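Work through these exercises with the structure open. Try each task before you read its solution.

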Amino acid sequence: MSKPLYVFDMDETLVNGDAAMLWNAFLVEKGIVSDPSFIDEDQRLMGLYSQGELDMEDYLAFAMEPLANLTTQQVNTLVEECVESKILPKLFTQTLPLIEQLKRDEIDMLIISASVTFLVEVVGRRLGIEHALGIDLVEQQARYTSKIKGVPSYREGKVTRLKQWIAKQSKRYSDIHFYTDSINDLPLCEYADYTYLVNPCPRLRAIADRPNWQILDWD
């Protein structure tokens with residue numbers, strides 16, 4: 001007997017904030033970034049993301065530059081600290097009860113996010129969600145680069161990545177339930193069988209009156 005698959009965006013959906021922005025602020029706090037304009041540029045780029053206009057390659061070139069001299073092991077150690085101290089405290093109050101209920105019901109869950117994989121996987125693991133997809137980055141000389149490996153999990157790329165992931169699974173799913181807040185996820189909203197809009201952005205809220213779509217007000 002097949003069961004549904006629950007798919008979650010991460011930023012502003014499970015987390016009441018953007019994990020990439022929290023990560024960048026953490027890098028400033030740790031002294032890894034000293035440029036005083038870094039946070040302003042981060043906010044400018046994420047404003048473009050909110051409007052559905054961000055060029056992901058431009059963003060990654062900006063966001064990965066401070067990590068150029070750090071090994072992947074050093075970055076991963078910092079990620080663990082950041083997730084523990086900055087990201088997990090900002091979970092919506094509804095996040096963990098939903099995940100725990102789905103676990104009790106033995107429902108498979110997947111995070112699929114436009115944040116980089118090294119962030120998404122740690123958040124997923126800490127939330128108890130076994131499967132997590134983010135934007136994969138090419139590694140060179142034990143360092144992360146800003147070059148995207150494969151299809152980025154961004155906009156219509158989320159649908160592609162989800163299809164690829166499902167094709168590799170040994171089981172089949174009865175239907176797909178998708179949670180998001182962002183207009184960037186419209187392709188996956190329309191692909192899913194059931195869509196849940198968590199505090200949706202204005203553009204997504206404006207088109208939310210559709211069969212099997214539901215608006216959720218989370219805090």
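Tyr 6, Phe 8, Phe 92, Tyr 179, Tyr 196 and Trp 218 are linked into a cluster by ring pairs. The model is predicted, so local features need pLDDT of at least 70 and side-chain atom pairs pLDDT 80 or more, while totals for chains, interfaces and linings use all residues. Residues are numbered from 1 along each chain as its sequence is written, and side-chain values use heavy atoms, without hydrogens and water.

**Exercise 1.** Classify the ring pair of Tyr 6 and Tyr 179.

*Solution.* 
- Step 1: take the rule. Rings of Phe, Tyr and Trp (its six-membered ring) pair if their centres lie within 6.5 Å; planes under 30 degrees apart are stacked, over 60 edge-to-face, and the rest tilted.
- Step 2: count. The whole structure holds twelve aromatic pairs.
- Step 3: apply the rule. The centres of Tyr 6 and Tyr 179 are 6.1 Å apart and the planes stand at 35°, so this pair is tilted.
- Step 4: place the residues. Tyr 6 is in strand E1 (residues 3-8) and Tyr 179 in strand E6 (residues 173-180), 173 residues apart. Helices (H or I, at least four residues) and strands (E, at least two) are DSSP runs, numbered from the N terminus.
- Step 5: check burial. Buried means under 20% relative accessible area, exposed over 50%, partly exposed in between (1.4 Å probe, protein chains only). Tyr 6 has 13%, so Tyr 6 is buried. Tyr 179 has 6%, so Tyr 179 is buried.

**Exercise 2.** Classify the ring pair of Tyr 49 and Tyr 154.

*Solution.* 
- Step 1: the centres of Tyr 49 and Tyr 154 lie 6.1 Å apart with planes at 25°, so the pair is stacked.
- Step 2: Tyr 49 sits in helix H2 (residues 38-50), and Tyr 154 in the loop between strand E5 (143-148) and helix H7 (156-168), so parts 105 residues apart in sequence are tied together.
- Step 3: Tyr 49 and Tyr 154 are buried.
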